[in-house]
Amino acid sequence: MYSMIKTETCINLFDYLVILGLLLASGTTYFYMLHAGVTLLSVLGLSFIYALKRGSVTRPTNSFLVIYSILIVICYLRYGGDMNLLGDVILLVSTYLVTSSISFRTFRYAFFNVIFVFAIISFSFQIAYWLDFIQPALVNKSDSNLYGFYLFAFHTFGGGKWGLNQHLSGLFWEPGVYQMALNMALIMNCHILSLPVRFIGKTDLTKYAVIVLAVVLTMSTTGYLTLGVIIIGILLKKSKKNIVWGIMLILSILVFILVIKNSKVVAGKFSDDSGSFLVRANDTICLINIITENPFFGSGVYSKTFFSLGDKYGLTGAASNGILLQIAQFGLLFGISFFWSLSREYEKRHLPISKMLYIMVVLFLCIGEPLVYAPLILIAVLPFKKYD
């Protein structure tokens, strides 16, 4: 049964290439932070070619795509054009062209394999760094050496503000973004662990374990919480059919609680003197206040109005809560359509995890980094060409 499913999933080099492009446009340091213009235009062109090659006459749409497009037009008419708004348009169009040209099954397997390769390569560079075999260089630094990123072969090992660190960041600007890509691959392919033991392929199981290890090495609090919800959600489904899985579920919940309670990473993140926690708490409160000022159509994408309200309420430059940032910029209708489409896509994709926990996973991925506009999150709410 399982092998039959696998053989029907045909993935070609172009599938991998276009998915790689979407990932490079989702918070990577070298390709997105430092060379956004070239990357976005390249991904847009690649996506158009991909869609043309697939030859679909009609493409599926959903409420999120329609409403988001309308809100972008309204934002332009109210607040004028901006490079960030243009970036939103390019990423939305690029991601939609890809998802509407490929089946969900093919996409998730290809995405899974690309992330697995990311993990292996990042492990290799991280181990080499720990052993002092490589020395990352500070790129794009200012005169005061406060900014920039420590890079080696496009991989990030810290920021100019914070120095080199031991956390796994991969190609992305910080560990919190990397865990988003890793956990997205895990949740989209959670069916791998939900199959009966005799149908679980050893290769896929190994890949899944490698990606889980990569999440652990990011030392990201949000990454840990998201991973815990995914594992518990999978075991919760399996426990309904087998008492052994029920016992494993109870043990997993206990382990999860102990890890959260005793982890220095988690404890440090939520302590009163944690800069990361204070920034995220501050940004959440500030963005809620900004939303109340213009709840229907938002305050614009980094418009003068948005910056004025940001200064009024003390929003930091990080604007770290991604979903609230998008709602603040486009209005409550964006949030409503986002979660409505997320729920509808869940039903189409038949994932072996409860809807509540699935939405919780995606929400965790949306609140830690300002990347809801990126393909990494858009793939959760945009329609695919075909579902199984």
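Analyst: Rings of Phe, Tyr and Trp (its six-membered ring) pair if their centres lie within 6.5 Å; planes under 30 degrees apart count as stacked, over 60 as edge-to-face, and the rest as tilted. Here Phe64, Tyr68, Phe330, Phe334, Phe338 and Phe339 form one aromatic cluster. The model is predicted: local features need pLDDT of at least 70 and side-chain atom pairs count only at pLDDT 80 or more, while totals for chains, interfaces and linings use all residues. Residues are numbered from 1 along each chain as its sequence is written, and side-chain values use heavy atoms, leaving out hydrogens and water.

User: How many aromatic pairs does this rule give?

Analyst: The count comes to 26 aromatic pairs. In one of them, the ring centres of phenylalanine 64 and phenylalanine 334 are 5.6 Å apart with planes at 70 degrees, so the pair is edge-to-face. Because phenylalanine 64 lies in helix 5 (residues 63-79) and phenylalanine 334 in helix 17 (residues 332-349), the pair ties together parts 270 residues apart in sequence. Helices are DSSP runs (H or I, at least four residues), numbered from the N terminus.

User: How are phenylalanine 330 and phenylalanine 334 arranged?

Analyst: Their ring centres are 6.0 Å apart and their planes at 25 degrees, so this pair is stacked.

User: Is phenylalanine 334 buried or exposed?

Analyst: Buried means under 20% relative accessible area, exposed over 50%, and partly exposed in between (1.4 Å probe, protein chains only). At 0% relative accessibility, phenylalanine 334 counts as buried. Phenylalanine 64 is buried at 0%, and phenylalanine 330 is buried with a relative accessible area of 0%.

Terms used. Helix = DSSP H or I, 4+ residues; strand = E, 2+ residues; numbered from the N terminus.
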